[in-house]
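Please open the structure in a viewer and keep the selection tool at hand.

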Amino acid sequence: MVFIGGAGNMAGAVIGGMVASGYPVDKIVATGRNQDKLKDFCSRTGVHGSTDNLAAIQNADVVVLSVKPQVMKALCETIASEVSARKPLVITLAAGIPLAAYQRWLGPGVPIVRAMPNTPALVGTGVTGLYAGEGVTNEHKSVATQMADAVGIAQWVEAESGIDQVIAVSGSGPAYYFQFMESMIDAAEKAGMDRADAERLTLQTALGAAKLAVAADVDVAQLKRNVMSPNGTTERAIKRFQEGGLPQLVEQAMGDCAARAAEMAKELDK
Ligand SMILES: NC(=O)C1=CN([C@@H]2O[C@H](COP(=O)(O)OP(=O)(O)OC[C@H]3O[C@@H](n4cnc5c(N)ncnc54)[C@H](OP(=O)(O)O)[C@@H]3O)[C@@H](O)[C@H]2O)C=CC1
Ligand SMILES: O=C(O)[C@@H]1CCC=N1
């Protein structure tokens, strides 16, 4: 499996998670442009590295594309001859690029899966949304599922637009929680707590809340109510969030996120 852009944030997290879950390192190649960065990544993970994309994909059954959307077209054009001749499974991790664009850039008939992972893949707790394009076989789907399963949970979507919804929930979602944690740490420090203590308490609280929500047999609304004593401290804080419009703000932010993915698709051929 060759990851183009393998030492980047997203592919690096997927590779790191795959290696940690026992996926054989000698079956993974990461490519990149910056030799020092690539060397460092390969020595940390044990995977092979290459600065030559075309050479790296020569015999690959699976090619994972993980460069920024803005440089995807140029990258595809450099590998199109090899990919269209041999038609390996292509898995793209990029946000905002529809399958139709890859078909134009790589040539017709290449089996392509759009995958939308997230960075908690690095610690085996990722979410990967998956959408299969034309010509993707069950065998291809199981390869993509295997990659996703190695780093967390997989979720296939029926329509390509479902990928934009996955981006708004889980692809970008870790950053929403990091923002919330950052704000809590800042607020606690401002109120007089030592920053290191504020970080420790905030992160453990986030971890505990997520673990409890996953394990519980009641929904998150009930778990929230379980913390709120009538006329107690939590009720006061939640009232402030609700009066400040947090639920609406979250809905708007997620809408903006999905809208940006659609907008990126329109910007491609400009
Ligand atoms: N970050 C995230 O949370 C998520 C990102 N994604 C998607 O993943 C993709 C990558 O994003 P992210 O990892 O954040 O970005 P990064 O910039 O961290 O990684 C991109 C990598 O691509 C490499 N690269 C660029 N051009 C080439 C090339 N021609 N050949 C080989 N390698 C190249 C860069 O290497 P070098 O530095 O050597 O140039 C860099 O390491 C994007 O398309 C994004 O939409 C999807 C889900 C979540
Ligand atoms: O912000 C981005 O565009 C990428 C896609 C999902 C998460 N990061």
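Select Gly 192 in this predicted model: the residue lies just after α8 and takes a positive phi of about 115°.

Now select ligand 2. The residues around ligand 2 are Ala 95, Ile 167, Gly 171 and Ser 172. By class, this shell comprises two nonpolar and two polar residues, with no charged residue.

Proceed to helix α7 (residues 161-171) and display helix α12 (residues 246-267) with it. Their axes come within 8 Å and cross at roughly 135°. An angle over 145 degrees would count as roughly antiparallel; α7 and α12 are therefore oblique to each other. The crossing of α7 and α12 is right-handed.

Eight of them form an open sheet with mixed pairing, in the order β3-β2-β1-β4-β5-β6-β7-β8. At the edges are β3 (48-50) and β8 (152-156), each of which pairs on one side only. On average, neighbouring strands of this sheet are turned by 25° against each other, direction ignored.

Finally, select strand β4 (residues 62-65) and strand β5 (residues 89-92), which run parallel and are joined by four bridges. Which residue of β5 is the bridge partner of Leu 65? Selecting Thr 92 shows that partner.

Definitions and conventions: Residues are numbered from 1 along each chain as its sequence is written. Chains are lettered from A and ligands numbered from 1 in the order in which they are written. This is a predicted model: local features need pLDDT of at least 70, side-chain atom pairs count only at pLDDT 80 or more; totals for chains, interfaces and linings use all residues. A residue is near a molecule or strand if its C-beta atom, placed from the backbone, lies within 6 Å of it. Ala, Val, Leu, Ile, Met, Phe, Trp, Tyr, Cys and Pro count as nonpolar, Asp, Glu, Lys and Arg as charged, and the others, Gly among them, as polar. Helices (H or I, at least four residues) and strands (E, at least two) are DSSP runs, numbered from the N terminus. Two strands pair if DSSP finds at least two bridges between them. Axes are lines fitted to C-alpha atoms, for helices over the stretch in contact, and angles run from 0 to 180 degrees between N-to-C directions. Angles under 35 degrees count as roughly parallel, over 145 as roughly antiparallel, 65 to 115 as roughly perpendicular and the rest as oblique. A crossing is left-handed if the near helix is turned anticlockwise from the far one by less than a right angle, and right-handed if clockwise.
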